[in-house]
Amino acid sequence: MPPQLGECIRKGCFVCIEHTAAMRLGCTHWEQWGDIRRYDGDVRALDREIETCKESHGDHHIRLNVEDLGFHSRMTLFVYNPSRPALHAA
């Protein structure tokens, strides 16, 4: 789990997990995994959900979209690259 992720999922942040088979410059179609939800600081629950996505789509890239409505900010964080599995270590 990327170390900065714990700070990003504090209370009030919404997280969307997305995956795609191939990344192409300018025209990548991402599919949503599960529902957009708040984890309220529960990094383990988010990690389990990422692992479940990875088990179903191990050959896909996986990213998180984190939105903090309180600060009106959004961040995208890539957490799994099938050609470099060490990016997301449990």
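Start by selecting Asp40, which counts as partly exposed because its relative accessibility is 36% (partly exposed lies between buried, under 20% relative accessible area, and exposed, over 50%, with a 1.4 Å probe and protein chains only). Asp40 sits in the loop between β2 (31-37) and α2 (43-56). Check its backbone too: phi of Asp40 is near 45°, a positive value in a residue other than glycine.

A word on what you have open: this is a predicted model, in which local features need pLDDT of at least 70 and side-chain atom pairs count only at pLDDT 80 or more, while totals for chains, interfaces and linings use all residues. Residues are numbered from 1 along each chain as its sequence is written, and side-chain values use heavy atoms, leaving out hydrogens and water.

Now colour by secondary structure. You will find two helices and four strands (DSSP runs, H or I of at least four residues for helices and E of at least two for strands, numbered from the N terminus). Their order from the N terminus is α-β-β-α-β-β.

Next, go to strand β1 (residues 13-20) and pick His19. Is His19 buried or exposed? His19 counts as buried, because its relative accessibility is 3%. Show side chains, and look for the polar contact of 2.9 Å between those of His19 and His60 (a pair of N or O atoms within 3.5 Å; within protein, one must be able to donate a hydrogen and the other to accept it, and residues adjacent in sequence count only if both atoms are side-chain atoms). Leaving aside residues up to four places away in sequence, His19 touches residues including Trp30, Trp33, Cys53 and His57 (contact means heavy atoms within 4.5 Å).

Finally, zoom out: of the 90 residues of the protein, 38% count as buried.
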